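This report describes the surface, overall fold and one selected residue of the protein shown below.

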Amino acid sequence: MSHELALQKGILARLKADATLDALTQGRVWDAVPPGAAYPHVKLGRSLTRPVAGGGGAMEHQPTLIVASRFCGTEEARAVAAAVRLSLSGAVIETDGVRSLKLEVPLSDVFAADDRLTTWAVIRVRAVTQDI
């Protein structure tokens, strides 16, 4: 399995197993949001991957996680983003022959959508992986 897919699989599994995040989202953590999904939920967004120079096969990843909330105000989106950050910061993820050497959450951005109904939280993750 590729490093990208292994990291994605590991991140989703970790988030789905997190009790705090589950209490906030009722298990709504997805690769892609199903039609008619309830709120709040977390989904995978875009991802950038590149080899680490001189890294002996190590890869750097910058996946994005997106929180969608319909709660009036930013409180719910911020709470879900905080739970994601706590779950992933410093975690070691091992999946399908790939291990994360470093996993951090350097950025989260919370903002209201133009529809005045949805609040978004965009969470940037940085990870370095290598083969086990």
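Predicted model: local features only at pLDDT ≥ 70, side-chain atom pairs only at ≥ 80, totals over all residues.

**Surface and charge**

Residues are numbered from 1 along each chain as its sequence is written, and side-chain values use heavy atoms, with hydrogens and water left out.

There are 15 positive and 14 negative side chains, and the centres of the two sets lie 2 Å apart. Lys and Arg count as positive and Asp and Glu as negative, without His or the chain ends; each charge is placed at NZ of Lys, CZ of Arg, CG of Asp or CD of Glu.

**Overall fold**

The protein contains 3 helices and 6 strands, arranged along the sequence as α-α-β-β-β-α-β-β-β. These elements are DSSP runs numbered from the N terminus (helices: H or I, at least four residues; strands: E, at least two).

Of the 132 residues, 40% count as buried, meaning under 20% relative accessible area with a 1.4 Å probe, protein chains only.

**Val 125**

Val 125 belongs to strand 6, which spans residues 119-131. This residue counts as buried because its relative accessibility is 0%. Beyond its neighbours within four places in sequence, Val 125 is in contact (heavy atoms within 4.5 Å) with residues including His 61, Leu 65, Leu 88 and Val 105.

How values were computed. Buried < 20%, exposed > 50% of the residue type's maximum accessible area, 1.4 Å probe, protein only.
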